[in-house]
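Here is a quick briefing for anyone opening this structure for the very first time. Have a look at the sequence and the model, then read on by topic.

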Amino acid sequence: MNAWLWAGVLVLAAWAAHWGADQLLTPLKLLRKQWGLTASAGAAFLAIVTASPEVAINITSAARGVSDIGLGNLLGSNIISIPLMITIAYFASRKQFKNNPKHQEHLDANMLALNKRSVPVLSLPYLGIIALVAILTVPKAWRGLQPVDGWIMLGAYAAFLAHAIIRGRKEGEKVKWTQKKIWLSIAGAIAIAAGAFFIVKATENIVSALGISQIVGGLFITGIMTTAPEVFKTWSVVKGGEVTAGTTSVIADNAITMTVAFFPLALVSTPVQDFQLYWVNLAFVGLMPLLYSLFVHQSKDLHGFSRWQVFVFDAAYVAYLFVMAFFVLKLF
């Protein structure tokens, strides 16, 4: 099979993995209501499933001996996801919501308004996770992903989830479970596993055909493909009036990617072979939630992002592409 055919397999596999995640999302949404989790805390909880394709891809990468694809996927998806989802959420929220009369103020101010809880519950802890990854993998004596790092990052995710749930509890609701939802969840788990296998297999063949490194393939092929289907989910959720849930879920997803999806790569002792490429990408991974945390507070009563700040997120990703093309990969 040539590169174009494998590209088709990659697209289909990415959609299969995300379809599977959607099916597994239903029981967790029911649990979120049953346990009384707020939007921000619920985002951290639901990310267990929404980030499952990335986790499955990294498990497959480690198992197949191509952990550089997983490492590129881990970094690449976390760089593009925040600016992409915030931009999509901004444009999806440019309509009136019947259940939110205050939203007209946000439209008049050209704002993407969010609940202020998203900073202490999600973005600041996520920044802490990135700092911990840097401490564990950047110093020369510890460089690379080691098994002990993986266990530490699993502990970091447990702390992240516990913190989000403790800070975001309210009274629970009664929910109804059906056999159809249970069977769809099982089918979803199978789709995630199959999709992850073919995503990794397709990436292996594409990078081989194009003559590029596996980590670059992970950054710009696997990482982007695993993020792309989330665009439609973010658009749908925000357009339905759940602006905070639709926008902030990306941060919770990224926290899982940097902890749980980090674990299988660490277990097989993934080395950092190109240190400049690694630290530049990790720096941009950290830049995105840093911008989020700095920008989100507009005033005492208003939280979110103005239009120019949304464009700054996009400009930050363009700057990343420029740095990678001209200074790291030296394509020109």
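Helix α11 (243-257) gives the lining of the largest cavity its largest share, five residues. Helices here are DSSP runs of H or I with at least four residues, numbered from the N terminus. Keep in mind that this is a predicted model, where local features need pLDDT of at least 70, side-chain atom pairs count only at pLDDT 80 or more, and totals for chains, interfaces and linings use all residues. Residues are numbered from 1 along each chain as its sequence is written, and side-chain values use heavy atoms, with hydrogens and water left out.

**The cavity**

- The structure holds one cavity of 30 Å³ or more, and the largest cavity has a volume of about 120 Å³.
- A cavity is a set of points, on a 1 Å grid over the protein atoms alone, where a 1.4 Å probe fits but cannot get out, and lining residues have an atom within 4 Å of a point. Points are joined across faces, edges and corners, and the volume is the space filled by probe spheres set on them.
- Of the 16 lining residues, Glu-54, Ser-81, Glu-230, Val-250 and Asp-253 lie nearest the centre of the largest cavity.
- At least two lining residues each come from α4, α9 (214-227), α10 (230-239) and α11.
- Sorted by class, the lining has three nonpolar, 10 polar and three charged residues. Nonpolar covers Ala, Val, Leu, Ile, Met, Phe, Trp, Tyr, Cys and Pro, charged covers Asp, Glu, Lys and Arg, and the others, Gly among them, count as polar.

**The nonpolar cores**

- Tyr-292 and Phe-305 touch the most other members of the largest nonpolar core, which has 72 residues. Helix α4 (residues 67-92) brings the largest share of this core, 12 residues.
- A second, separate core has 20 residues, including Ala-13, Ala-14, Ala-21 and Ile-192.
- Such a core is a set of buried Ala, Val, Leu, Ile, Met, Phe, Trp, Tyr and Cys residues joined through side-chain atoms within 4.5 Å. Buried means under 20% relative accessible area, exposed over 50%, and partly exposed in between, with a 1.4 Å probe and protein chains only.

**Helix α8 and what follows**

- Helix α8 (residues 179-210) has 32 residues and reaches 46 Å from its first C-alpha to its last, close to the expected 46 Å. That expected span is 1.5 Å times one less than the number of residues.
- Just after α8, Gly-211 takes a positive phi of about 70°.

- Most residues other than glycine have a negative phi.
- Ser-269, not a glycine, has a positive phi of about 55°. Ser-269 sits in the loop between α12 (262-267) and α13, and counts as partly exposed because its relative accessibility is 35%.
- Lys-330, also not a glycine, has a positive phi of about 50°. Lys-330 is in the segment after α14, and is exposed, at 59% relative accessibility.

**Residues to click on**

- Gln-309 lies in helix α14 (residues 307-328) and is buried, since its relative accessible area is 6%. A polar atom of the Gln-309 side chain lies 3.0 Å from the backbone nitrogen of Ser-306.
- Leu-290, in helix α13 (residues 275-295), is partly exposed at 38%. Leu-290 and Tyr-126 are 164 residues apart in sequence and 9.5 Å apart in space, C-alpha to C-alpha.

Terms used: A polar contact is a pair of N or O atoms within 3.5 Å; within protein, one must be able to donate a hydrogen and the other to accept it, and residues adjacent in sequence count only if both atoms are side-chain atoms. On a 1 Å grid over the protein atoms alone, a cavity is a set of points where a 1.4 Å probe fits but cannot get out, and a pocket is an open set with protein on both sides within 12 Å along at least five of seven lines; lining residues have an atom within 4 Å of a point.
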